[in-house]
Amino acid sequence: MRAFINGTFETLEGPIVERGALLADDAGKIVDVVRGDEVPSDAETIDLGGGYVTPGLVDAHTHLGNFTYSTPAGMIDGNEKTDPVTPQLRALDAFYPDDEALPEALAGGVTTVQCLPGSANVIGGTGIVLKLRGRVVDKMVIKSPSAMKAALGENPKRVYGEERKKAPLTRMAVASLLRETLAKAQDYAKKTESKTPHDRDLGLEALQPVLERRMPLTIHCHRSDDICTAIRIAEEFGLRYTLEHCTEGHLIADYLAEKGVKAALGPSFSGKSKLELKNRSWETPAALYRAGVQFCLITDHPFMLLSEYPLAAVIACKAGLPRIEALKGITLYGARHLELDGRIGSLKKGKDADLAVWSGDPMDLRNVCLMTVIDGQVVYRRDER
């Protein structure tokens, strides 16, 4: 057994434990969070030096390892801008574990991320959830595939309609392409079930877990009309889904609560670089919280850097989100968004021993991450940089 001692533990699903210790077993699972005088005498101890301990940060929407640092725009692997419908693509096949952003993320207390294809395409392919340790993506992954990426609004309109003079040029065409592809996937399933001879189609095959509700459709949508279209299409086909970005969600917060949506909010730290961001606001998280909407905060890395992830929680708190909700927004609520809150996101018995150790409360940006732990193993120490 390993004991991380001499820290203040903000567990998020229980009380704060001052002068406490976290016990982890050999499998990297949390055994308990206890008082300092309750540590077994035979445990291997790691002294946290009085640090402030939170769960490792969980970002449910990034492009880490696909949109890599120091890569020319034409060589970035996150967007396949040759066809607006590419469900057969996998972020897994383009993930680069030596992206310089990975060690920076660890230095910021981040332990788990979802990596998604970009939003150039109406359907862009599947994402993965991984922990930031190791050099082989297949060993880093904890959920693959994690979601099917779709995108509404300006991005597919611009990439195909404006730049290539082909569909989709309008929001109507974006929605139509999404519906048409889902209908084709339904027909493909019927042929497969009835053993009707047909050619194999990897794209339609990749959509079967979405139609069967075994995997969510993760829908990029900023404007309120795109948000409503996302909900409308998901309901038409009976899909599980999440709303990604949800920039104008505060304008229709009560409607989102009525629909019981799951929303990933951000990157609110970015500028208003396109028309659909004109109502971007740091008050969106507080508005959705007050309405009772399930949400998490995201960086959309590299559009906001993972290394600065706590900044999203701090500014959302400044804009009216309660402190504990803001901290959960970058930990437990991200885990819930990924349907992994039974495993990560809080310091609770049976969960993975993923920790971020800070010089003080991370909601005070003067404090820094001193240590990051994944599955009970120290993967970053500030004093060893």
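This is a predicted model: local features need pLDDT of at least 70, side-chain atom pairs count only at pLDDT 80 or more; totals for chains, interfaces and linings use all residues.

Which residues of helix 10 are the buried ones? I listed Pro310, Leu311, Ala312, Ala313, Val314, Ile315 and Ala316.

Next I wanted to know what covers the buried residues of helix 10. The cover includes two helices, helix 9 (284-291) and helix 11 (323-329). It also includes strand 5 (57-62), strand 14 (294-297) and strand 15 (355-358).

I also checked what comes after helix 10, and found Gly320 following, with a positive phi near 120°.

**Helix 4 against helix 7**

Then I moved to helix 4 (residues 171-193). How do helix 4 and helix 7 (residues 224-236) pack, and at what angle? I got an angle of about 20°, with the axes 11 Å apart. Angles under 35 degrees count as roughly parallel, so helix 4 is roughly parallel to helix 7. I noted the crossing of the two as right-handed.

Who meets whom there? From helix 4 I wrote down Arg171, Ala175, Leu178, Arg179 and Leu182. On the helix 7 side they meet Asp225, Asp226, Thr229, Arg232, Ile233 and Glu236. Sorted by class, this contact has 4 nonpolar, 1 polar and 6 charged residues.

A reminder to myself on spacing: an α-helix has 3.6 residues a turn, so residues three or four places apart point the same way.

**Ala185, also in helix 4**

Staying in helix 4, I picked out Ala185. Is Ala185 buried or exposed? Its relative accessibility is 0%, so I put Ala185 down as buried.

I then looked for what Ala185 touches beyond residues up to four places away in sequence, and found Leu204, Leu207, Gln208 and Leu211. For one of these, Leu207, I also have a C-alpha separation: 6.4 Å from Ala185, with the two residues 22 apart along the chain.

**Thr11, in a loop**

Last stop was Thr11, which sits in the loop between strand 1 (2-10) and strand 2 (16-24). Buried or exposed, I wondered about Thr11? The cut-off for buried is under 20% relative accessible area, and Thr11 is at 5%, so it counts as buried.

Leaving aside residues up to four places away in sequence, Thr11 touches Val33, Pro55, Ser346 and Leu347.

Note on methods: Residues are numbered from 1 along each chain as its sequence is written. Side-chain values use heavy atoms; hydrogens and water are left out. Helices (H or I, at least four residues) and strands (E, at least two) are DSSP runs, numbered from the N terminus. Buried means under 20% relative accessible area, exposed over 50%, partly exposed in between (1.4 Å probe, protein chains only). Contact means heavy atoms within 4.5 Å. Axes are lines fitted to C-alpha atoms, for helices over the stretch in contact, and angles run from 0 to 180 degrees between N-to-C directions. Angles under 35 degrees count as roughly parallel, over 145 as roughly antiparallel, 65 to 115 as roughly perpendicular and the rest as oblique. A crossing is left-handed if the near helix is turned anticlockwise from the far one by less than a right angle, and right-handed if clockwise. Ala, Val, Leu, Ile, Met, Phe, Trp, Tyr, Cys and Pro count as nonpolar, Asp, Glu, Lys and Arg as charged, and the others, Gly among them, as polar.
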